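Work through these exercises with the sequence and the model side by side. Try each task before reading its solution.

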Amino acid sequence: MMKIKLLAITIVSAFALSVQAGFFGSDHNWNNPVSAAMDAMSDMASDAKNTVSDAVDSVTDSVDVGSLRGTHALDDFSLMPPVGKWIKDADFTRSFIDQPPLIPHKTKGMRITMKKNKCLSCHSNENWRDADAVKMTASHFMTRSNKRLKEVSPRRYFCTQCHVPQVDNKPLIGSDYVNTAE
């Protein structure tokens, strides 16, 4: 199914570029073999677009997708689960050794981009005391070859790839996970 979509997108894109370049204008030289080829391509693109549209419509009508949020038809909107109460100043129990600490506050609006990391405004070596925040550990300043850096290591710069916010929510699905250290 994905191959059909990609093929259709490619054909439609080629057609759109052809139209934009003026291949199908009224001043076109219809005796030119390239014009005939472009006409054929236009017809193929139109047929492919209709075929893909029909195929997608038939799939979305018949397939439901099961997820942690329930079962939904592909063309339905998925609703976000309700967000529970944020747990603040709690001592989180870790599920496994070296589990990254959880974030005990909201992170909405705290953007991390290549040029700016909002987390560092409180958790950097310069700011953690004034912000009364947790200081980043030394591991955040190490390269893969254990060389100490003055700035946060690029591999640790995007905080939310390891650290996640903690809310008081029921699990979406049950789990029989057992900590192997216990």
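**Exercise 1.** State how many helices and strands the protein has, and give their order.

*Solution.* Step one: count the elements. The protein has four helices and four strands. Helices (H or I, at least four residues) and strands (E, at least two) are DSSP runs, numbered from the N terminus. Step two: read from the N terminus. The order is α-α-β-β-β-α-α-β.

This is a predicted model: local features need pLDDT of at least 70, side-chain atom pairs count only at pLDDT 80 or more, and totals for chains, interfaces and linings use all residues. Residues are numbered from 1 along each chain as its sequence is written, and side-chain values use heavy atoms, with hydrogens and water left out.

**Exercise 2.** Decide whether Ala48 is buried or exposed, and find what it touches.

*Solution.* Step one: locate Ala48. It sits in helix H2 (residues 33-62). Step two: check its cover. Ala48 has a relative accessible area of 17%. Buried means under 20%, exposed over 50%, partly exposed in between (1.4 Å probe, protein chains only). Ala48 is therefore buried. Step three: list contacts (heavy atoms within 4.5 Å). Beyond neighbours within four places in sequence, Ala48 contacts Ala8 and Ile11. Step four: compare distances. Lys5 is 43 residues from Ala48 in sequence, and their C-alpha atoms are 9.5 Å apart.

**Exercise 3.** State what share of the protein's residues is buried.

*Solution.* Of the 182 residues, 18% are buried.
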